[in-house]
Each structure stands twice: as C-alpha cells, then as structure tokens.
Amino acid sequence: MAGLKDKRGFIDKDRLDPSERKAVEYWAKRWGVTTDQLTAAHRKAGNLIKDIAAHLGKKR
C-alpha cells in the first residue's frame, strides 16, 4: 500500500479512515484544522482525501 510513513506503518494518502487516530491527526495538522472539522468534512465529502481537501478549501 502506498502511503505516508508512520511509526506503526503507513497512512493511506488517498483515503481517510476516521478510526485511524494518527491519520486524522496528520491531516488535521497538515491542513491547519481541528480534528472535529476534519471529521465533519469526512462525513459530508466522503473518505477520499482530495474530496475532503476540496470541502475544506485546502490543497491536497
């Protein structure tokens, strides 16, 4: 699986699984949003990173 290296393995760079705490923290920090904002965007836009980024008005 292609992804971002994490201490325990890889973070998927194409999809966000909100149950993966490290992935949520990574994307929230990268985009400068709270985890609650990221979770809400995930609910509305789906699990693709590009769709979540577009919903938040951020670049992937």
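Tutor: The account below concerns helix H3 and the core to which it contributes. This is a predicted model, in which local features need pLDDT of at least 70 and side-chain atom pairs count only at pLDDT 80 or more, while totals for chains, interfaces and linings use all residues. Residues are numbered from 1 along each chain as its sequence is written, and side-chain values use heavy atoms, with hydrogens and water left out.

Helix H3 spans residues 49–56; helices are DSSP runs of H or I, at least four residues long, numbered from the N terminus. Within H3, Ile49, Ile52 and Ala53 are buried (under 20% relative accessible area, with exposed meaning over 50%, for a 1.4 Å probe and protein chains only). Seen down the axis of H3, these buried residues fall within an arc of 100 degrees, so they line one face of the helix; the arc is that of the directions from the helix axis to the C-beta atoms. An α-helix has 3.6 residues a turn, so residues three or four places apart point the same way. On the other side of H3, Lys50 and Ala54 are exposed.

The buried residues of H3 pack against helix H1 (21–31) and helix H2 (35–45). Ile49 and Ile52 are also among the residues that touch the most other members of the largest nonpolar core, which has 13 residues; such a core is a set of buried Ala, Val, Leu, Ile, Met, Phe, Trp, Tyr and Cys residues joined through side-chain atoms within 4.5 Å. H1, H2 and H3 each supply at least two residues of this core, and the largest share, five residues, comes from H1. Just after H3, Gly57 takes a positive phi of about 75 degrees.

Definitions and conventions. Contact means heavy atoms within 4.5 Å.
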